[in-house]
Amino acid sequence: MKNYPPQFKADAVGLYQSRPEATIRQVAADLGINPETLRNWVRAAGASRPRGRRAEAPTEPPSPMEAENAALRKKVRELEEEREILRKAAKYFAGETRW
C-alpha cells in the first residue's frame with residue numbers, strides 16, 4: 001500500500017473537480033493511481049462537481065469567435081493544471097519526495 005503526500009491528494013482531487021467531463025477512472029489513469037484510491041480522496045474531501053446546467057443564461061448569445069475563445073481558455077487552464085500535477089507525480093514516483 002502506497003502512502004501519498006497530502007499535497008498530491010489535494011491536487012488529484014482538484015484535477016478531478018476541474019474536469020467535469022472526466023470520470024474518476026480517467027483522472028486516476030492519468031495520475032497512475034487506483035481509481036478507488038482517488039474515489040476515497042474525493043469523498044474524504046467532500047468534493048463535488050456541479051451537476052446540470054446553471055439557470056442563469058446570458059442575455060445575448062456569444063459570437064462564434066467569443067465561444068471558441070472561451071472554450072480554448074478553459075482547455076488551456078485544464079491542460080496547465082494537468083501538466084503541473086503530472087510533473088509533481090513524476091517527481092514523486094522518481095523518488096524525489098519533495099513537493
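**Figure 1. Aromatic pairs in the predicted model.** The count of aromatic pairs in this chain comes to eight, and the model in which they are found is a predicted one. A pair of aromatic rings is described by the distance of the centres and the angle of the planes. For Tyr 4 and Trp 41, the ring centres lie 5.2 Å apart and the planes meet at 80 degrees, so this pair is edge-to-face. The two partners come from distant parts of the chain: Tyr 4 belongs to the segment before α1 (6–18), Trp 41 belongs to helix α3 (residues 35–45), and 37 residues separate them. Tyr 4 counts as buried, because its relative accessibility is 16%. Trp 41 is likewise buried, with a relative accessible area of 12%.

Figure 2. The ring centres of Tyr 4 and Tyr 92 are 6.0 Å apart and their planes stand at 35 degrees, so the pair is classed as tilted. Because Tyr 4 lies in the segment before α1 and Tyr 92 in helix α4, this pair ties together parts that are 88 residues apart in sequence. Tyr 92 has a relative accessible area of 14% and is therefore buried.

**Figure 3. The largest nonpolar core.** In soluble globular proteins, nonpolar side chains tend to be buried together. The largest nonpolar core of this model has 19 residues, and those touching the most other members are Phe 8, Val 27, Leu 31, Ile 33, Leu 38 and Trp 41. Two or more residues of the core come from each of the elements α1, α2 (24–31), α3 and α4. The element that gives the most is α1, with five residues. Which residues does Ile 33 touch, not counting residues up to four places away in sequence? They are Tyr 4, Phe 8, Ala 28, Leu 38 and Trp 41.

**Figure 4. Helix α1 and the elements around it.** Helix α1 consists of 13 residues, and the distance from its first C-alpha to its last is 18 Å, close to the 18 Å expected at 1.5 Å a residue. Its buried residues are Phe 8, Asp 11, Ala 12, Val 13, Leu 15 and Tyr 16. These buried residues pack against α2, α3 and α4. Tyr 16 and Gln 26 are separated by 10 residues in sequence, while their C-alpha atoms are 9.1 Å apart in space. Gln 26 is found in helix α2, and with a relative accessible area of 39% this residue is partly exposed.

Figure 5. Leu 15 lies in helix α1. Is Leu 15 buried or exposed? A relative accessibility of 1% falls under the 20% limit, so Leu 15 counts as buried. Leaving aside its neighbours within four places in sequence, Leu 15 is in contact with Val 27, Leu 31, Glu 81, Glu 82 and Ile 85. For one of these residues, Leu 31, the separation from Leu 15 is 16 residues in sequence and 9.8 Å in space, C-alpha to C-alpha.

**Figure 6. Helix α4 and the residue that follows it.** At 1.5 Å a residue, the 30 residues of α4 should span 44 Å, and the end C-alpha atoms are 43 Å apart, which agrees. The buried residues of this helix are Glu 78, Glu 82, Ile 85, Lys 88, Ala 89 and Tyr 92, and they pack against α1 and α2. After α4 comes Gly 95, whose phi is positive, near 100 degrees.

**Figure 7. Glu 78, a buried charged residue.** Glu 78 has its place in helix α4 (residues 64–93). Although Glu 78 is buried, it has no salt bridge. How far away is the nearest side chain of opposite charge? That side chain is Lys 75, at 4.1 Å, whereas a salt bridge requires a distance within 4 Å. Apart from neighbours within four places in sequence, Glu 78 is in contact with Ser 18 and Glu 21.

**Figure 8. The chain as a whole.** The chain contains four helices and zero strands, and from the N terminus on its elements run α-α-α-α. Of its 99 residues, 27% count as buried. Among contacts with a separation of 6 or more, 68% join residues 24 or more positions apart.

Conventions:
Residues numbered from 1 in each chain as written. Predicted model: local features only at pLDDT ≥ 70, side-chain atom pairs only at ≥ 80, totals over all residues. Heavy atoms only, no water. Buried < 20%, exposed > 50% of the residue type's maximum accessible area, 1.4 Å probe, protein only. Lys, Arg positive; Asp, Glu negative; His and termini not counted. Contact = heavy atoms within 4.5 Å. Phe/Tyr/Trp six-rings, centres within 6.5 Å; stacked < 30°, edge-to-face > 60°. Core = buried A, V, L, I, M, F, W, Y, C linked by side-chain atoms within 4.5 Å. Expected span 1.5 Å × (residues − 1).
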